[in-house]
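Please keep the viewer open as you read.

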Amino acid sequence: MAPKHIAILGGGLTGLSSAFHLSRRFPSSTITIIEKSKTLGGWASNTERVQLPGGRGSVVLEGGPHTVRPASNSVLELVNLLGLSDAVIATPKTSPAAKNRFLHVPGTPGIYEIPRPSLSYLWAPLRFFITPGLSFELIRGWNRPKDVLDESLESFMTRRGHPVTARVLGSALVHGIYASDSRLLSVRAAFPKLWELEEKGNGRILWGLLTRSKKEKEAEKEKEEEDRKRYKLGNVLKLMDGVSVYSFRDGMGTLAEELTRSITKNPNIRVLSNTEITALRFDEENGFEIATQRTNPVHPSHIVSALPLPALNKIIPDTHPLPYLTTNPYNSVTAINIVFPTAKIYPRGFGYLVCRPEGDYAADDAGILGVTFDSESLSAQDNLAPGERITKVTVMLGGPHRAPDTALPVVLAHLQYHLNRRKPLPEPLVTRTWQQRNCIPTPLPGHLERMEKLKEALSGGGWDGRMEVIGAGVRGVSIGDCVESGKTVGMAW
Ligand SMILES: Cc1cc2nc3c(=O)[nH]c(=O)nc-3n(C[C@H](O)[C@H](O)[C@H](O)COP(=O)(O)OP(=O)(O)OC[C@H]3O[C@@H](n4cnc5c(N)ncnc54)[C@H](O)[C@@H]3O)c2cc1C
């Protein structure tokens, strides 16, 4: 029987996707979505279009997610069902923004292209950091100790490869995706393919990758195509032919806005925004009771928690504790958009990441994790007056750098050093700073097992399968992971 009343706690992208999909699966159920902010969308709503001074036109500025990968069928499905095809802007795989990515190694001015597997590797400056890792990985056999069921990415890359490659490449990668420390991040939760390939290649990841037979590749492709059948993709797949990443003309906020528009049109969905949940109780008569600081209590028969796990931990009753809600740390990120009044100030590419300094996280690099070259990859978002040329970048700071220096002159000086420019950068036309506290979780080693135990706890002990816990803290932080978890929530109800 369909649930009578589902409450969705938290109206970030996970909560919005849950409301959208649950209302399609259970058209007769009442759904209440409760969100403490005025607007829905969580971190995925940090988008704004601003006018440039002097009638130069307007640009999109983003504090949260910038792009999505076309591999995520659940997001493509939303693009189709919400009629967003015309709003999509894509970065083709053949463009410099898709092909060229750079790295800054603290202590050395400039940024260096991350080499691709080609002849040019032989003179790429970064080869000195990459070659030791590749060489050891190729010659070392199985070396995973029996009792190691998970480990950090750094420990994995050091065990298979070399500590230098782990520090330089591994830390930069984790700065770019999780704004976190690769010495803490679970390799199995964040990069499950690496763990699988190690097993497949009997230790050697590259061997596992290179020795995939034609049959195995075909089987993988078939599985992908079979899986794709779960989604209503319309013609959107065609739009993604040869696409590396994509966004929307008015920024990533479009997805949250259109989801909000769609669910608020549905008479069965009640949206309580600007409403902080203060407690979740068990009510003998009505099942659950959700108390908020603004409205009468809500009495749902079923609950989806799409809250950050520490926020859920604060509201559950002592009588019904849930394990592991506060195990993983969350990192804060400051994003600074800077628009310069000149054409390109950087080499053509997606942007660059900064790796962990050799000692440890120090005040070095003002706490910069990476910089995206937005006017290279997403220039179609900007409506510029004829003949007008600008450069737009986003500087991400913080994460494991606990006290980043976000003062504009400091950030500009570091940019100048990273870009190896003799002259100072021109005075920006516009800047926008987004302080995003505790915005990305770091799944620590053992995360997958802990989340299984959380699921087990929710299946009994009074919860009895009537509440599901999803969101960035549970099954992956990408937009694709969050939307997918909203699509599959409540399948057993
Ligand atoms: C800076 C940054 C850059 C990113 N870049 C990318 C990218 O390029 N590509 C990509 O795929 N992903 C990216 N991500 C990841 C992705 O955007 C997030 O993981 C995702 O948006 C999280 O969605 P969520 O709904 O699970 O969580 P949230 O967005 O955190 O939503 C949770 C909601 O719960 C609400 N809430 C909390 N407590 C309460 C309470 N007591 N009562 C009521 N409501 C409450 C919050 O206000 C919030 O709206 C990025 C994330 C950040 C922060």
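A backbone N or O atom of T67 lies 2.9 Å from a nitrogen atom of the ligand, a polar contact (a pair of N or O atoms within 3.5 Å). This is a predicted model, where local features need pLDDT of at least 70 and side-chain atom pairs count only at pLDDT 80 or more, while totals for chains, interfaces and linings use all residues. Residues are numbered from 1 along each chain as its sequence is written, and side-chain values use heavy atoms, with hydrogens and water left out.

**The ligand and its shell**

- The shell around the ligand holds 32 residues, of which T14, E35, T67, V477 and I479 come nearest; a residue is near if one of its heavy atoms lies within 4 Å of the molecule.
- The side chain of T14 has an N or O atom 2.7 Å from an oxygen atom of the ligand.
- At V477, a backbone N or O atom is 2.5 Å from an oxygen atom of the ligand.
- The protein buries 89% of the 1000 Å² that the ligand exposes when taken alone (Shrake-Rupley method, 1.4 Å probe).
- Two or more shell residues come from each of α1 (13-25), β18 (430-441) and α18 (479-488); helices (H or I, at least four residues) and strands (E, at least two) are DSSP runs, numbered from the N terminus.
- β18 contributes the most to this shell, with three residues.
- Sorted by class, the shell has 16 nonpolar, 13 polar and three charged residues; Ala, Val, Leu, Ile, Met, Phe, Trp, Tyr, Cys and Pro count as nonpolar, Asp, Glu, Lys and Arg as charged, and the others, Gly among them, as polar.
- The ligand lies between domain 1 (5-44 + 257-327 + 443-488) and domain 2 (47-71 + 79-99 + 329-441), because both give residues to the shell around it; the domain bounds come from an automatic or database domain assignment.

**The second largest pocket**

- This pocket has about 570 Å³ of space; a pocket is an open set of points on a 1 Å grid over the protein atoms alone, with protein on both sides within 12 Å along at least five of seven lines, and lining residues have an atom within 4 Å of a point.
- Among its 22 lining residues, K455, E468, V469, I470 and R475 are the closest to its centre.
- α16 (447-459) gives the most to the lining, with eight residues.
- The lining of this pocket has 12 nonpolar, six polar and four charged residues.

**The cavity**

- The whole structure has one cavity of 30 Å³ or more, a cavity being a set of points where a 1.4 Å probe fits but cannot get out.
- V60, L61, E62, H66, N337, D374, L378, Q381, K392 and T394 line the largest cavity.
- β4 (57-62) and β17 (391-398) each give two or more residues to that lining, and β4 gives the most, with three.

Note on methods
A polar contact is a pair of N or O atoms within 3.5 Å; within protein, one must be able to donate a hydrogen and the other to accept it, and residues adjacent in sequence count only if both atoms are side-chain atoms. Grid points are joined across faces, edges and corners, and a volume is the space filled by probe spheres set on the points.
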